[in-house]
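Subject: Structure handover

Hello,

Here is the structure you will be working with. Please keep it open while you read the notes below.

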Amino acid sequence: MASRRGTAKTRVQSDKYSVLLPTYNERENLPLIVWLLVKYFGESYRNSVSDLHVVPGTAYIHGIQHASGNFIIIMDADLSHHPNFIPQFIEKQKEGGYDLVSGTRYRGDGGVYGWDLRGANFIKQVLLRPGASDLTGSFRLYKTEVLKKLVEQCVSKGYVFQLEMIVHARQLGYTVGEVPISFVDRVYGESKLGGNEIVSFLRGLLTL
């Protein structure tokens, strides 16, 4: 029993986290985001951060290929996802051994400030029943091998990509944990949700 506990403790201590920041028009935010990441990873996890990757748009594959951590944290670069929730993501994953942990705006103390998609989220829940409360949120922590597998399965782009990731995770039997987060409409940068994105999202929803 002692050896098992020692092995588990060693594994936890050896966990490394890569941070992936998809950007659109938010490069001016990067110095502040890096400072916040250093601050909120805290003493407990600061030495566990292995690398940071900034990629254009939804170019996840590039960032994943170069990530060295056994976990990957994905968050928006527009400051709508606050790094202060990251320790909760890590603790949640360790607590349940989850394959992925998703931030949720629709459970517990989670909330949305600036705009709200509760109606759209409800429709998706009824149509797809994916077993997760927030389907389009992109603030997530993945086991690296799980993220690679899910990206291989997905064909969608834009907002429906996040939805498809959760649907495939459930289909493949991956476990999903959730952490309530406060989502704040972008502080800096321009919105990436245009007319084409909305049409693409609706089409993608009908194909899942």
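A residue is called buried when its relative accessible area is under 20%, exposed when over 50%, and partly exposed in between (1.4 Å probe, protein chains only). Aspartate 134 has 1% relative accessibility, so it counts as buried.

Before the rest, some ground rules. This is a predicted model, in which local features need pLDDT of at least 70 and side-chain atom pairs count only at pLDDT 80 or more, while totals for chains, interfaces and linings use all residues. Residues are numbered from 1 along each chain as its sequence is written, and side-chain values use heavy atoms, with hydrogens and water left out.

Confidence

pLDDT is the predictor's confidence in each residue, from 0 to 100. Its mean over the protein is 78, and 71% of the residues reach 70 or more. Helices (H or I, at least four residues) and strands (E, at least two) are DSSP runs, numbered from the N terminus. Where pLDDT is low, the predicted coordinates should not be read in detail.

Aspartate 134

Aspartate 134 sits in the loop between α5 and β6. Its side chain makes a polar contact with the side chain of arginine 105, at 2.7 Å. A polar contact is a pair of N or O atoms within 3.5 Å; within protein, one must be able to donate a hydrogen and the other to accept it, and residues adjacent in sequence count only if both atoms are side-chain atoms. A polar atom of the aspartate 134 side chain also lies 3.3 Å from the backbone nitrogen of glycine 137.

Strand β4

In strand β4 (residues 100-104), five of the five residues are buried. Leu100, Ser102 and Thr104 point one way, and Val101 and Gly103 the other. In a regular strand the side chains alternate between the two faces of the sheet.

Two strands pair if DSSP finds at least two bridges between them. β4 runs antiparallel to β6, joined by three bridges, and leucine 100 has tyrosine 142 as its bridge partner there. With strand β7 (residues 176-180), β4 pairs in the parallel sense over five bridges; here valine 101 is partnered by glycine 177.

Regards
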